Amino acid sequence: MLNKKLISENFSRAASNYNDAALVQKQAAEKLCRLASPFIQKDSAILDLGCGTGFISENLSQKIFEADLSFAMLKQKSGNFKINCDFENLPFKSGSFDILISSFSLQWLEDFEKNFANFSAILKPNGIFAFCLPTFKSLEELRTASFESGCNFHFNKLPQADEIKSALKNSGFEEKIYKSEIIKSEFENGLKALKSIKTIGANYQRDRNFISKTQLIQFDNFCLKNFSQRSKKIAISWDLSFFIFQKSHNL
């Protein structure tokens with residue numbers, strides 16, 4: 001079971017630096033909003049699930065509701081209607097929203113089908129559920145280097161796109177748009193890439209095993225040897241999936 005208190009604490013610590021560090025997350029939010037824009041009207045009631053510092057609202061021209069587990073994240077930007085809550089336990093009535101939207105948040109769900117059914121309930125008839133998240137091939141370079149160097153860092157388990165699609169259909173959603181994309185981030189070395197993951201609050205478990213300086217050097221050398229680009233920087237992959245689904249007419 002996820003430690004929600006620790007997740008909130010980690011994201012709260014990351015809040016003040018999040019906008020500068022979360023460049024891939026910002027790109028993903030921009031693309032998600034472009035994909036969702038044909039379904040959004042001027043008077044649409046919109047809820048951003050796991051809004052963070054507000055990347056979604058930056059791309060929309062109307063006020064929206066923003067929900068996040070971290071109060072510190074919510075405080076980073078004024079405006080909109082802000083709710084400090086766990087999106088697995090939302091305080092909204094059935095049929096409250098036309099659009100549910102979320103970027104880089106729903107990978108934290110422990111039970112997709114259960115939560116998607118709950119999200120469907122707070123959507124109006126024919127409502128749109130638009131979201132993007134990193135899927136299981138993300139950060140494979142760091143995972144490989146971690147294993148090969150014996151560091152065995154903890155990386156959160158990420159879902160597969162087919163698993164999510166199945167949960168959506170079983171929860172009464174119909175596919176409108178699905179796209180996948182690999183985005184790469186460049187870093188001077190492996191340790192800076194690893195630090196960037198913690199800077200955005202994404203790694204919720206603290207490493208307990210002792211890691212020697214020699215292992216860290218081996219980790220860094222493995223990254224430089226196997227993942228360097230012509231720029232001499234290493235490239236780290238984010239495997240992103242974008243989902244635009246509609247609540248079934250029968251619900």
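## A salt bridge to start with

Lys192 and Glu188 form a salt bridge, with their closest N and O atoms 3.0 Å apart. The term salt bridge stands for a side-chain nitrogen of Lys or Arg within 4 Å of a carboxyl oxygen of Asp or Glu.

Before we go on, a word on the model: it is predicted, so local features need pLDDT of at least 70 and side-chain atom pairs count only at pLDDT 80 or more, while totals for chains, interfaces and linings use all residues. Residues are numbered from 1 along each chain as its sequence is written, and side-chain values use heavy atoms, with hydrogens and water left out.

The whole structure holds four salt bridges. In one of them, the side chains of Glu181 and Lys31 meet at 2.7 Å, N to O. Glu181 belongs to strand β6 and Lys31 to helix α2, so this pair ties together parts that are 150 residues apart in sequence. Helices (H or I, at least four residues) and strands (E, at least two) are DSSP runs, numbered from the N terminus. Glu181 is partly exposed, with a relative accessible area of 29%, whereas Lys31 counts as buried at 18%.

Another salt bridge joins Lys82 and Glu66, whose closest N and O atoms are 2.7 Å apart. This pair links distant parts of the chain, with Lys82 in strand β3 (residues 81-84) and Glu66 in strand β2 (residues 65-68), 16 residues apart. Glu66 is buried, with a relative accessible area of 0%, and Lys82 is partly exposed, with 33%.

## Charges over rings

Lys63 lies over the face of Phe81, at 5.5 Å from the ring centre. A charge sits over a ring if NZ of Lys or CZ of Arg is within 6 Å of the ring centre and within 35 degrees of the ring normal.

## Rings that pair up

Rings of Phe, Tyr and Trp (its six-membered ring) pair if their centres lie within 6.5 Å; planes under 30 degrees apart count as stacked, over 60 as edge-to-face and the rest as tilted. By this rule there are 17 aromatic pairs. Phe104 and Trp238 make an edge-to-face pair, 5.4 Å centre to centre with 70° between the planes. Phe104 lies in the loop between β4 (97-103) and α5 (112-122) and Trp238 in strand β7, so the pair ties together parts that are 134 residues apart in sequence. Both Phe104 and Trp238 are buried.

Phe116 and Phe131 form a tilted pair, 5.8 Å centre to centre with 45° between the planes. Phe116 is in helix α5 and Phe131 in strand β5 (residues 123-134), so the pair ties together parts that are 15 residues apart in sequence. Phe116 and Phe131 are both buried. They also belong to one aromatic cluster, whose members include Phe112, Tyr178 and Phe245.

Methods: Buried means under 20% relative accessible area, exposed over 50%, partly exposed in between (1.4 Å probe, protein chains only).
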